[in-house]
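Have the viewer open while you go through them.

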Amino acid sequence: SVALAVVWQAHGKDEGEGQVSQVNAGISVMLLGTIGFMMALFELTHCYRPAMAKYSWRAISATISIFSAVLIFQGCNGLVEAYILEGASETVELRVSIIQMIVWFVLLQAALAWMSGAVAKDKPKPTAEVLDKLETRLKCFAVLLGHITGFAAINAFATVQQQVPREGVALALVPVLAWMIVFLLGRVTDHARDFIALADDGQRDIFEEKWDEETEETEDDVIGLAVSFCLVQVLRYAIGGRLPDGEGHEPNHVFHSNREAMSLIGVGLLLALFETIRLLYLHVSIPRLTAQLKNIIGMTFSWCLFFGMDWAMSANIFREEQGMMKEVSLALAVTVVALLMIFILEHVESFEHGGGSENHQEVVRAIVNSIGILIGFAWEKAFDTAVAEVAEETQRYIPMAWTKLLLAVGLAGMVVPAWKRHILPTIIRFDEEEEEAHMHGTNGEHGEHGKHHEGNAAELHEPLLTQEGGHGDGSVEYLRQAIDAMQRKAAELEARAQRRAELERKNAELNAQMSGIDKEIEDLEGLASLLARE
(Lines give C-alpha, C1' and ligand atoms only; values in the text may rest on other atoms or scores of the structure.)
Protein backbone atom coordinates (compact mmCIF):
# COMPACT_ATOMS: atom_id res chain seq x y z
CA SER A 1 0.00 0.00 0.00
CA VAL A 2 2.80 2.41 0.88
CA ALA A 3 4.65 1.55 -2.35
CA LEU A 4 1.53 2.26 -4.42
CA ALA A 5 1.04 5.50 -2.54
CA VAL A 6 4.58 6.59 -3.38
CA VAL A 7 4.01 5.78 -7.07
CA TRP A 8 0.76 7.74 -7.01
CA GLN A 9 2.48 10.74 -5.45
CA ALA A 10 5.25 10.62 -8.05
CA HIS A 11 2.79 10.54 -10.92
CA GLY A 12 0.53 13.08 -9.28
CA LYS A 13 3.27 15.68 -9.44
CA ASP A 14 3.46 15.47 -13.23
CA GLU A 15 1.08 17.60 -15.27
CA GLY A 16 -0.10 15.64 -18.29
CA GLU A 17 -2.03 12.70 -19.64
CA GLY A 18 -0.12 10.22 -17.47
CA GLN A 19 -1.41 11.74 -14.26
CA VAL A 20 -3.00 9.14 -11.99
CA SER A 21 -6.19 10.36 -10.37
CA GLN A 22 -6.69 10.05 -6.66
CA VAL A 23 -9.88 8.05 -7.15
CA ASN A 24 -8.27 5.48 -9.46
CA ALA A 25 -5.24 5.11 -7.23
CA GLY A 26 -7.44 4.71 -4.15
CA ILE A 27 -9.53 2.03 -5.83
CA SER A 28 -6.38 0.20 -6.96
CA VAL A 29 -4.91 0.19 -3.49
CA MET A 30 -8.23 -0.91 -2.00
CA LEU A 31 -8.56 -3.79 -4.49
CA LEU A 32 -5.04 -5.12 -4.09
CA GLY A 33 -5.01 -4.53 -0.37
CA THR A 34 -8.38 -6.24 0.16
CA ILE A 35 -7.27 -9.40 -1.64
CA GLY A 36 -4.04 -9.61 0.34
CA PHE A 37 -5.86 -8.71 3.56
CA MET A 38 -8.50 -11.43 3.10
CA MET A 39 -5.97 -14.15 2.34
CA ALA A 40 -3.76 -13.10 5.26
CA LEU A 41 -6.72 -13.29 7.64
CA PHE A 42 -7.68 -16.71 6.28
CA GLU A 43 -4.14 -17.95 6.82
CA LEU A 44 -3.91 -16.52 10.34
CA THR A 45 -7.28 -17.81 11.56
CA HIS A 46 -6.48 -21.31 10.23
CA CYS A 47 -2.88 -21.29 11.40
CA TYR A 48 -1.42 -24.61 12.55
CA ARG A 49 -0.43 -22.86 15.79
CA PRO A 50 -3.62 -22.74 17.94
CA ALA A 51 -2.53 -19.68 19.91
CA MET A 52 -1.88 -17.73 16.71
CA ALA A 53 -5.33 -18.61 15.37
CA LYS A 54 -6.94 -17.67 18.70
CA TYR A 55 -5.28 -14.25 18.89
CA SER A 56 -6.14 -13.58 15.25
CA TRP A 57 -9.81 -14.32 15.92
CA ARG A 58 -9.71 -11.98 18.93
CA ALA A 59 -8.19 -9.16 16.88
CA ILE A 60 -10.79 -9.62 14.13
CA SER A 61 -13.64 -9.57 16.66
CA ALA A 62 -12.37 -6.36 18.28
CA THR A 63 -11.87 -4.80 14.84
CA ILE A 64 -15.44 -5.51 13.72
CA SER A 65 -17.02 -4.29 16.96
CA ILE A 66 -15.08 -1.00 16.94
CA PHE A 67 -15.65 -0.48 13.22
CA SER A 68 -19.42 -1.00 13.49
CA ALA A 69 -19.77 1.05 16.68
CA VAL A 70 -17.95 4.08 15.29
CA LEU A 71 -19.96 3.98 12.05
CA ILE A 72 -23.28 3.90 13.92
CA PHE A 73 -22.28 6.65 16.35
CA GLN A 74 -20.93 8.89 13.58
CA GLY A 75 -24.18 8.43 11.67
CA CYS A 76 -26.33 9.37 14.68
CA ASN A 77 -24.01 12.21 15.69
CA GLY A 78 -24.18 13.57 12.14
CA LEU A 79 -27.93 14.11 12.55
CA VAL A 80 -27.35 15.89 15.88
CA GLU A 81 -24.75 18.18 14.30
CA ALA A 82 -26.91 18.93 11.26
CA TYR A 83 -30.22 19.64 13.01
CA ILE A 84 -29.26 20.76 16.53
CA LEU A 85 -25.68 22.04 16.64
CA GLU A 86 -25.64 23.94 13.34
CA GLY A 87 -24.70 27.49 14.31
CA ALA A 88 -25.00 26.75 18.04
CA SER A 89 -22.71 28.23 20.69
CA GLU A 90 -19.96 26.31 22.46
CA THR A 91 -22.08 26.08 25.61
CA VAL A 92 -24.95 24.44 23.71
CA GLU A 93 -22.50 22.10 21.97
CA LEU A 94 -21.10 21.02 25.33
CA ARG A 95 -24.53 20.43 26.85
CA VAL A 96 -25.78 18.46 23.87
CA SER A 97 -22.67 16.24 23.79
CA ILE A 98 -23.03 15.45 27.50
CA ILE A 99 -26.76 14.71 27.11
CA GLN A 100 -25.97 12.46 24.15
CA MET A 101 -23.45 10.52 26.23
CA ILE A 102 -25.94 10.07 29.08
CA VAL A 103 -28.66 8.92 26.65
CA TRP A 104 -26.39 6.23 25.20
CA PHE A 105 -25.30 5.22 28.71
CA VAL A 106 -28.91 4.80 29.88
CA LEU A 107 -29.81 2.97 26.65
CA LEU A 108 -26.90 0.60 27.27
CA GLN A 109 -28.16 -0.20 30.79
CA ALA A 110 -31.76 -0.70 29.71
CA ALA A 111 -30.89 -2.82 26.67
CA LEU A 112 -28.63 -5.20 28.62
CA ALA A 113 -31.20 -5.52 31.42
CA TRP A 114 -33.86 -6.51 28.91
CA MET A 115 -31.69 -8.79 26.77
CA SER A 116 -30.29 -10.66 29.77
CA GLY A 117 -33.80 -11.52 30.99
CA ALA A 118 -32.92 -10.16 34.44
CA VAL A 119 -35.99 -7.88 34.56
CA ALA A 120 -38.39 -10.32 32.90
CA LYS A 121 -41.37 -11.48 34.97
CA ASP A 122 -41.40 -14.99 33.52
CA LYS A 123 -37.79 -16.08 33.16
CA PRO A 124 -37.03 -19.11 31.01
CA LYS A 125 -35.66 -22.30 32.46
CA PRO A 126 -31.84 -21.94 32.52
CA THR A 127 -31.05 -24.85 30.23
CA ALA A 128 -27.72 -25.10 28.45
CA GLU A 129 -29.28 -24.09 25.13
CA VAL A 130 -30.95 -21.03 26.69
CA LEU A 131 -27.72 -19.97 28.40
CA ASP A 132 -25.66 -20.37 25.22
CA LYS A 133 -28.03 -18.18 23.22
CA LEU A 134 -28.17 -15.68 26.06
CA GLU A 135 -24.38 -15.49 26.26
CA THR A 136 -23.97 -14.79 22.55
CA ARG A 137 -26.81 -12.25 22.34
CA LEU A 138 -25.76 -10.43 25.50
CA LYS A 139 -22.07 -10.33 24.56
CA CYS A 140 -22.88 -9.02 21.07
CA PHE A 141 -25.01 -6.07 22.17
CA ALA A 142 -22.91 -5.37 25.27
CA VAL A 143 -19.77 -4.94 23.18
CA LEU A 144 -21.49 -3.00 20.40
CA LEU A 145 -23.49 -0.64 22.64
CA GLY A 146 -20.51 -0.29 24.98
CA HIS A 147 -18.27 0.91 22.18
CA ILE A 148 -20.97 3.27 20.88
CA THR A 149 -21.34 4.69 24.40
CA GLY A 150 -17.55 4.93 24.60
CA PHE A 151 -17.39 7.08 21.48
CA ALA A 152 -20.25 9.20 22.79
CA ALA A 153 -18.14 9.74 25.92
CA ILE A 154 -15.15 10.58 23.71
CA ASN A 155 -17.27 13.17 21.91
CA ALA A 156 -18.43 14.70 25.21
CA PHE A 157 -15.08 14.97 26.94
CA ALA A 158 -13.22 15.93 23.76
CA THR A 159 -15.67 18.84 23.54
CA VAL A 160 -14.77 19.77 27.11
CA GLN A 161 -11.10 19.56 26.16
CA GLN A 162 -11.61 21.94 23.25
CA GLN A 163 -13.11 24.59 25.55
CA VAL A 164 -10.58 24.58 28.41
CA PRO A 165 -7.49 26.84 28.26
CA ARG A 166 -4.69 25.58 25.99
CA GLU A 167 -2.43 24.75 28.92
CA GLY A 168 -0.86 21.43 29.78
CA VAL A 169 -2.37 21.15 33.26
CA ALA A 170 -5.89 22.11 32.17
CA LEU A 171 -5.82 19.68 29.25
CA ALA A 172 -4.38 16.89 31.41
CA LEU A 173 -7.19 17.26 33.96
CA VAL A 174 -9.83 16.33 31.36
CA PRO A 175 -8.88 12.60 31.21
CA VAL A 176 -9.00 12.50 35.02
CA LEU A 177 -12.40 14.19 34.96
CA ALA A 178 -13.64 11.71 32.35
CA TRP A 179 -12.53 8.76 34.47
CA MET A 180 -14.18 10.15 37.61
CA ILE A 181 -17.52 10.97 35.98
CA VAL A 182 -17.97 7.69 34.09
CA PHE A 183 -16.77 5.76 37.16
CA LEU A 184 -19.40 7.49 39.33
CA LEU A 185 -22.07 6.77 36.73
CA GLY A 186 -20.99 3.13 36.86
CA ARG A 187 -21.25 3.06 40.65
CA VAL A 188 -24.79 4.46 40.48
CA THR A 189 -25.89 1.84 37.95
CA ASP A 190 -24.08 -0.87 39.94
CA HIS A 191 -26.20 -0.09 43.00
CA ALA A 192 -29.30 0.02 40.79
CA ARG A 193 -28.53 -3.47 39.44
CA ASP A 194 -28.01 -4.77 42.98
CA PHE A 195 -31.35 -3.31 44.06
CA ILE A 196 -33.21 -4.80 41.08
CA ALA A 197 -31.54 -8.20 41.42
CA LEU A 198 -32.30 -8.53 45.15
CA ALA A 199 -35.74 -6.92 45.11
CA ASP A 200 -37.73 -10.04 44.18
CA ASP A 201 -36.28 -12.98 46.16
CA GLY A 202 -33.24 -11.54 47.93
CA GLN A 203 -30.69 -13.43 45.82
CA ARG A 204 -29.16 -13.35 42.37
CA ASP A 205 -30.06 -15.89 39.70
CA ILE A 206 -27.94 -16.84 36.68
CA PHE A 207 -29.60 -14.18 34.45
CA GLU A 208 -28.93 -11.39 36.94
CA GLU A 209 -25.32 -12.58 37.36
CA LYS A 210 -24.70 -12.43 33.62
CA TRP A 211 -26.38 -9.01 33.39
CA ASP A 212 -24.14 -7.59 36.10
CA GLU A 213 -20.99 -9.22 34.72
CA GLU A 214 -21.43 -8.03 31.14
CA THR A 215 -22.51 -4.53 32.17
CA GLU A 216 -19.50 -4.02 34.44
CA GLU A 217 -17.13 -5.16 31.70
CA THR A 218 -18.84 -2.85 29.21
CA GLU A 219 -18.62 0.16 31.55
CA ASP A 220 -14.89 -0.51 31.92
CA ASP A 221 -14.58 -0.40 28.11
CA VAL A 222 -16.38 2.96 28.04
CA ILE A 223 -13.88 4.38 30.53
CA GLY A 224 -10.98 2.94 28.54
CA LEU A 225 -12.10 4.58 25.29
CA ALA A 226 -12.97 8.00 26.72
CA VAL A 227 -9.96 8.43 29.00
CA SER A 228 -7.43 7.05 26.51
CA PHE A 229 -8.55 9.37 23.69
CA CYS A 230 -8.41 12.47 25.91
CA LEU A 231 -5.01 11.34 27.17
CA VAL A 232 -3.58 10.88 23.68
CA GLN A 233 -4.90 14.36 22.78
CA VAL A 234 -2.78 15.70 25.64
CA LEU A 235 0.24 13.73 24.39
CA ARG A 236 -0.22 15.05 20.85
CA TYR A 237 -0.41 18.60 22.20
CA ALA A 238 2.73 18.09 24.32
CA ILE A 239 4.74 16.53 21.46
CA GLY A 240 3.36 18.34 18.40
CA GLY A 241 2.50 21.70 19.94
CA ARG A 242 -1.09 21.77 18.60
CA LEU A 243 -4.32 20.36 20.04
CA PRO A 244 -6.30 18.45 17.37
CA ASP A 245 -10.06 18.93 17.08
CA GLY A 246 -12.60 16.79 18.92
CA GLU A 247 -12.29 13.97 16.37
CA GLY A 248 -8.49 13.95 16.37
CA HIS A 249 -8.14 15.77 13.03
CA GLU A 250 -5.59 18.42 12.18
CA PRO A 251 -5.53 20.86 9.22
CA ASN A 252 -4.07 19.39 6.03
CA HIS A 253 -1.29 21.97 5.97
CA VAL A 254 -0.01 20.92 9.41
CA PHE A 255 2.81 18.37 9.32
CA HIS A 256 4.93 16.81 12.03
CA SER A 257 8.54 15.73 11.88
CA ASN A 258 9.65 12.11 11.99
CA ARG A 259 11.06 12.77 15.43
CA GLU A 260 7.63 13.83 16.71
CA ALA A 261 5.99 10.80 15.09
CA MET A 262 8.55 8.42 16.63
CA SER A 263 8.16 10.15 20.01
CA LEU A 264 4.40 9.54 19.99
CA ILE A 265 4.87 5.89 18.99
CA GLY A 266 7.60 5.56 21.63
CA VAL A 267 5.27 6.82 24.37
CA GLY A 268 2.73 4.19 23.34
CA LEU A 269 5.37 1.45 23.46
CA LEU A 270 6.52 2.61 26.90
CA LEU A 271 2.94 2.39 28.16
CA ALA A 272 2.65 -1.13 26.74
CA LEU A 273 5.91 -2.07 28.48
CA PHE A 274 4.65 -0.63 31.77
CA GLU A 275 1.43 -2.64 31.52
CA THR A 276 3.41 -5.80 30.74
CA ILE A 277 5.58 -5.32 33.84
CA ARG A 278 2.52 -4.58 35.96
CA LEU A 279 0.70 -7.73 34.84
CA LEU A 280 3.77 -9.94 35.28
CA TYR A 281 5.20 -8.69 38.54
CA LEU A 282 2.78 -6.36 40.35
CA HIS A 283 0.01 -8.68 41.52
CA VAL A 284 -2.14 -5.99 43.09
CA SER A 285 -5.80 -5.99 42.11
CA ILE A 286 -8.37 -3.32 42.97
CA PRO A 287 -11.93 -4.21 41.95
CA ARG A 288 -12.98 -2.43 38.74
CA LEU A 289 -10.10 0.07 38.86
CA THR A 290 -7.43 -2.44 37.79
CA ALA A 291 -9.45 -3.54 34.75
CA GLN A 292 -10.15 0.09 33.84
CA LEU A 293 -6.46 1.00 34.09
CA LYS A 294 -5.59 -1.91 31.81
CA ASN A 295 -8.13 -0.73 29.24
CA ILE A 296 -6.87 2.86 29.41
CA ILE A 297 -3.23 1.88 28.90
CA GLY A 298 -4.00 -0.59 26.13
CA MET A 299 -6.18 1.82 24.19
CA THR A 300 -3.74 4.71 24.67
CA PHE A 301 -1.08 2.47 23.15
CA SER A 302 -3.39 1.93 20.14
CA TRP A 303 -4.11 5.65 19.70
CA CYS A 304 -0.39 6.53 19.95
CA LEU A 305 0.53 3.96 17.32
CA PHE A 306 -2.25 5.07 14.98
CA PHE A 307 -1.64 8.82 15.18
CA GLY A 308 2.13 8.31 15.15
CA MET A 309 1.89 6.39 11.86
CA ASP A 310 -0.54 9.03 10.59
CA TRP A 311 1.99 11.78 11.32
CA ALA A 312 4.81 9.83 9.65
CA MET A 313 2.86 9.02 6.45
CA SER A 314 1.46 12.56 6.15
CA ALA A 315 4.92 14.12 6.44
CA ASN A 316 6.81 11.71 4.17
CA ILE A 317 4.31 10.53 1.55
CA PHE A 318 1.16 12.67 1.49
CA ARG A 319 2.48 16.21 1.75
CA GLU A 320 0.86 17.32 -1.51
CA GLU A 321 -2.68 16.07 -1.01
CA GLN A 322 -4.55 14.07 1.60
CA GLY A 323 -7.81 12.19 1.21
CA MET A 324 -9.09 8.73 0.43
CA MET A 325 -5.73 7.50 -0.84
CA LYS A 326 -4.00 8.43 2.40
CA GLU A 327 -6.70 6.90 4.62
CA VAL A 328 -6.69 3.57 2.74
CA SER A 329 -2.90 3.40 2.74
CA LEU A 330 -2.80 4.22 6.45
CA ALA A 331 -5.41 1.55 7.24
CA LEU A 332 -3.50 -1.09 5.27
CA ALA A 333 -0.18 -0.12 6.84
CA VAL A 334 -1.68 -0.22 10.34
CA THR A 335 -3.19 -3.64 9.60
CA VAL A 336 0.11 -5.08 8.41
CA VAL A 337 1.98 -3.72 11.46
CA ALA A 338 -0.74 -5.01 13.80
CA LEU A 339 -0.73 -8.52 12.32
CA LEU A 340 3.06 -8.63 12.52
CA MET A 341 2.83 -7.66 16.19
CA ILE A 342 0.40 -10.54 16.82
CA PHE A 343 2.78 -12.92 15.05
CA ILE A 344 5.77 -11.75 17.11
CA LEU A 345 3.86 -11.81 20.40
CA GLU A 346 2.67 -15.35 19.88
CA HIS A 347 6.14 -16.63 19.00
CA VAL A 348 7.81 -14.83 21.91
CA GLU A 349 5.24 -16.22 24.33
CA SER A 350 5.61 -19.74 22.97
CA PHE A 351 9.42 -19.63 22.83
CA GLU A 352 10.07 -18.20 26.28
CA HIS A 353 7.34 -19.78 28.31
CA GLY A 354 6.38 -23.00 26.56
CA GLY A 355 2.78 -21.98 26.03
CA GLY A 356 2.72 -19.16 28.57
CA SER A 357 1.48 -18.85 32.12
CA GLU A 358 -1.81 -17.15 32.95
CA ASN A 359 -0.05 -13.80 33.47
CA HIS A 360 1.78 -14.01 30.14
CA GLN A 361 -1.43 -14.93 28.34
CA GLU A 362 -3.18 -11.99 29.99
CA VAL A 363 -0.48 -9.65 28.68
CA VAL A 364 -0.88 -10.99 25.15
CA ARG A 365 -4.69 -10.80 25.35
CA ALA A 366 -4.54 -7.17 26.48
CA ILE A 367 -2.21 -6.19 23.62
CA VAL A 368 -4.18 -8.18 21.03
CA ASN A 369 -7.41 -6.48 22.10
CA SER A 370 -5.69 -3.10 21.71
CA ILE A 371 -4.43 -4.14 18.29
CA GLY A 372 -7.98 -5.05 17.23
CA ILE A 373 -9.20 -1.62 18.32
CA LEU A 374 -6.32 -0.05 16.37
CA ILE A 375 -7.23 -1.89 13.15
CA GLY A 376 -10.94 -1.15 13.55
CA PHE A 377 -10.40 2.57 14.10
CA ALA A 378 -8.02 2.79 11.13
CA TRP A 379 -10.50 1.19 8.74
CA GLU A 380 -13.38 3.22 10.14
CA LYS A 381 -11.44 6.40 9.34
CA ALA A 382 -11.05 5.19 5.74
CA PHE A 383 -14.73 4.26 5.46
CA ASP A 384 -15.75 7.55 7.08
CA THR A 385 -13.89 9.40 4.33
CA ALA A 386 -15.57 7.20 1.70
CA VAL A 387 -19.03 7.76 3.24
CA ALA A 388 -18.42 11.52 3.29
CA GLU A 389 -17.48 11.46 -0.42
CA VAL A 390 -20.61 9.48 -1.33
CA ALA A 391 -22.81 11.75 0.81
CA GLU A 392 -21.40 14.83 -0.89
CA GLU A 393 -22.16 13.40 -4.33
CA THR A 394 -25.75 12.47 -3.40
CA GLN A 395 -26.70 15.57 -1.38
CA ARG A 396 -28.80 16.81 -4.31
CA TYR A 397 -31.23 13.96 -3.60
CA ILE A 398 -30.89 13.35 0.14
CA PRO A 399 -29.23 15.38 2.92
CA MET A 400 -25.67 14.40 3.78
CA ALA A 401 -26.48 13.57 7.39
CA TRP A 402 -29.16 11.07 6.37
CA THR A 403 -26.93 9.54 3.71
CA LYS A 404 -24.19 8.96 6.30
CA LEU A 405 -26.66 7.38 8.72
CA LEU A 406 -28.20 5.09 6.09
CA LEU A 407 -24.79 3.96 4.83
CA ALA A 408 -23.61 3.35 8.40
CA VAL A 409 -26.69 1.32 9.29
CA GLY A 410 -26.43 -0.61 6.01
CA LEU A 411 -22.77 -1.50 6.52
CA ALA A 412 -23.31 -2.42 10.17
CA GLY A 413 -26.37 -4.44 9.17
CA MET A 414 -24.19 -6.59 6.92
CA VAL A 415 -21.25 -6.94 9.29
CA VAL A 416 -22.80 -7.32 12.76
CA PRO A 417 -25.06 -10.36 12.08
CA ALA A 418 -22.16 -12.31 10.56
CA TRP A 419 -19.95 -11.32 13.51
CA LYS A 420 -22.64 -12.43 15.99
CA ARG A 421 -23.27 -15.79 14.32
CA HIS A 422 -19.78 -16.89 13.30
CA ILE A 423 -17.05 -14.95 15.13
CA LEU A 424 -18.44 -14.11 18.56
CA PRO A 425 -19.28 -17.76 19.47
CA THR A 426 -15.67 -18.62 18.70
CA ILE A 427 -14.44 -15.90 21.08
CA ILE A 428 -16.84 -17.08 23.80
CA ARG A 429 -15.52 -20.62 23.39
CA PHE A 430 -11.95 -19.37 23.77
CA ASP A 431 -12.94 -17.50 26.95
CA GLU A 432 -14.57 -20.61 28.42
CA GLU A 433 -11.55 -22.76 27.61
CA GLU A 434 -9.17 -20.24 29.20
CA GLU A 435 -11.37 -19.92 32.30
CA GLU A 436 -11.50 -23.70 32.64
CA ALA A 437 -7.73 -24.00 32.24
CA HIS A 438 -7.20 -21.21 34.78
CA MET A 439 -9.50 -22.91 37.31
CA HIS A 440 -7.68 -26.23 36.86
CA GLY A 441 -4.33 -24.51 37.25
CA THR A 442 -5.53 -22.77 40.41
CA ASN A 443 -6.77 -26.04 41.89
CA GLY A 444 -3.47 -27.70 41.06
CA GLU A 445 -1.51 -24.94 42.78
CA HIS A 446 -3.72 -25.17 45.85
CA GLY A 447 -3.24 -28.94 45.91
CA GLU A 448 0.54 -28.70 45.82
CA HIS A 449 0.40 -25.96 48.42
CA GLY A 450 -1.61 -28.23 50.73
CA LYS A 451 0.85 -31.10 50.24
CA HIS A 452 3.75 -28.82 51.02
CA HIS A 453 2.24 -27.87 54.36
CA GLU A 454 0.80 -31.26 55.20
CA GLY A 455 3.92 -32.46 57.01
CA ASN A 456 4.91 -29.07 58.36
CA ALA A 457 2.21 -28.21 60.84
CA ALA A 458 4.69 -26.24 62.90
CA GLU A 459 5.05 -23.72 60.08
CA LEU A 460 1.38 -22.82 60.13
CA HIS A 461 1.80 -19.93 62.53
CA GLU A 462 0.58 -17.51 59.80
CA PRO A 463 -2.51 -17.67 57.58
CA LEU A 464 -1.93 -19.71 54.41
CA LEU A 465 -3.14 -16.85 52.18
CA THR A 466 -0.21 -14.68 53.24
CA GLN A 467 2.54 -17.27 52.84
CA GLU A 468 4.76 -17.47 49.83
CA GLY A 469 3.22 -19.39 46.97
CA GLY A 470 -0.28 -19.24 48.42
CA HIS A 471 -2.01 -16.58 46.29
CA GLY A 472 -1.14 -13.71 48.61
CA ASP A 473 -2.35 -11.32 45.93
CA GLY A 474 -5.88 -12.69 45.90
CA SER A 475 -7.18 -12.23 49.48
CA VAL A 476 -10.95 -11.84 49.95
CA GLU A 477 -11.59 -10.33 46.51
CA TYR A 478 -9.84 -13.23 44.77
CA LEU A 479 -11.89 -15.77 46.77
CA ARG A 480 -15.12 -13.91 46.06
CA GLN A 481 -14.42 -13.92 42.31
CA ALA A 482 -13.51 -17.61 42.41
CA ILE A 483 -16.70 -18.46 44.30
CA ASP A 484 -18.82 -16.41 41.87
CA ALA A 485 -17.19 -18.17 38.92
CA MET A 486 -17.76 -21.60 40.49
CA GLN A 487 -21.39 -20.75 41.25
CA ARG A 488 -21.97 -19.71 37.64
CA LYS A 489 -20.26 -22.86 36.43
CA ALA A 490 -22.39 -24.98 38.78
CA ALA A 491 -25.56 -23.34 37.46
CA GLU A 492 -24.50 -24.01 33.88
CA LEU A 493 -23.64 -27.63 34.68
CA GLU A 494 -26.96 -28.09 36.44
CA ALA A 495 -28.77 -26.70 33.39
CA ARG A 496 -26.85 -29.07 31.14
CA ALA A 497 -27.64 -31.98 33.45
CA GLN A 498 -31.32 -31.13 33.29
CA ARG A 499 -31.14 -30.95 29.51
CA ARG A 500 -29.36 -34.32 29.41
CA ALA A 501 -32.04 -35.89 31.62
CA GLU A 502 -34.70 -34.49 29.31
CA LEU A 503 -32.90 -35.89 26.27
CA GLU A 504 -32.57 -39.30 27.93
CA ARG A 505 -36.31 -39.30 28.67
CA LYS A 506 -37.09 -38.46 25.04
CA ASN A 507 -34.69 -41.18 23.87
CA ALA A 508 -36.49 -43.69 26.11
CA GLU A 509 -39.83 -42.64 24.61
CA LEU A 510 -38.42 -42.98 21.10
CA ASN A 511 -37.04 -46.43 21.91
CA ALA A 512 -40.45 -47.51 23.21
CA GLN A 513 -42.09 -46.18 20.05
CA MET A 514 -39.53 -48.00 17.90
CA SER A 515 -40.21 -51.23 19.78
CA GLY A 516 -43.93 -50.83 19.11
CA ILE A 517 -43.22 -50.15 15.44
CA ASP A 518 -41.01 -53.27 15.23
CA LYS A 519 -43.82 -55.37 16.73
CA GLU A 520 -46.32 -53.95 14.24
CA ILE A 521 -43.91 -54.71 11.39
CA GLU A 522 -43.57 -58.31 12.60
CA ASP A 523 -47.38 -58.63 12.72
CA LEU A 524 -47.65 -57.24 9.20
CA GLU A 525 -44.99 -59.62 7.94
CA GLY A 526 -46.90 -62.54 9.50
CA LEU A 527 -50.13 -61.37 7.91
CA ALA A 528 -48.38 -61.00 4.57
CA SER A 529 -47.09 -64.60 4.82
CA LEU A 530 -50.61 -65.93 5.51
CA LEU A 531 -52.02 -64.01 2.55
CA ALA A 532 -49.23 -65.36 0.32
CA ARG A 533 -50.09 -68.99 1.25
CA GLU A 534 -53.76 -68.50 0.46
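1. Trp 303 first: it is buried, since its relative accessible area is 3% and the cut-off for buried is under 20%. Keep in mind that this is a predicted model.

2. How many aromatic pairs are there by the ring-centre rule? The count is seven. One of them joins Phe 229 and Trp 303 edge-to-face, with 5.2 Å centre to centre and 80 degrees between the planes. Those planes qualify as edge-to-face because the angle is over 60 degrees. The partners come from distant parts of the chain: Phe 229 belongs to helix H7 (residues 206–240) and Trp 303 to helix H9 (residues 289–316), 74 residues apart. Phe 229 is buried as well, because its relative accessible area of 2% falls under the 20% limit.

3. Next, look at Phe 306 and Phe 377. They make an edge-to-face pair too, at 5.2 Å centre to centre and 80 degrees between the planes. This pair also links distant parts of the chain, with Phe 306 in helix H9 and Phe 377 in helix H11 (residues 358–393), 71 residues apart. Both Phe 306 and Phe 377 are buried.

4. Now put the rings together. Phe 151, Phe 229, Trp 303, Phe 306, Phe 307 and Phe 377 are linked into a cluster by ring pairs. So the two pairs above, Phe 229 with Trp 303 and Phe 306 with Phe 377, have their rings in one cluster.

5. Which charged residue lies over the face of Phe 307? That would be Arg 236, at 3.8 Å from the ring centre. Phe 307 is itself one of the cluster residues. A second case involves Arg 429, whose charged end sits over the ring of Phe 430, 5.2 Å from its centre.

6. Leu 273 is found in helix H8 (residues 258–281). Is Leu 273 buried, partly exposed or exposed? It counts as partly exposed, because its relative accessibility is 47% and the exposed class starts over 50%.

7. Last, Thr 91, which lies in helix H4 (residues 90–116). Thr 91 is partly exposed, with a relative accessible area of 42%.

Terms used: Residues numbered from 1 in each chain as written. Predicted model: local features only at pLDDT ≥ 70, side-chain atom pairs only at ≥ 80, totals over all residues. Heavy atoms only, no water. Phe/Tyr/Trp six-rings, centres within 6.5 Å; stacked < 30°, edge-to-face > 60°. Helix = DSSP H or I, 4+ residues; strand = E, 2+ residues; numbered from the N terminus. Buried < 20%, exposed > 50% of the residue type's maximum accessible area, 1.4 Å probe, protein only. Lys NZ or Arg CZ within 6 Å of the ring centre and 35° of its normal.
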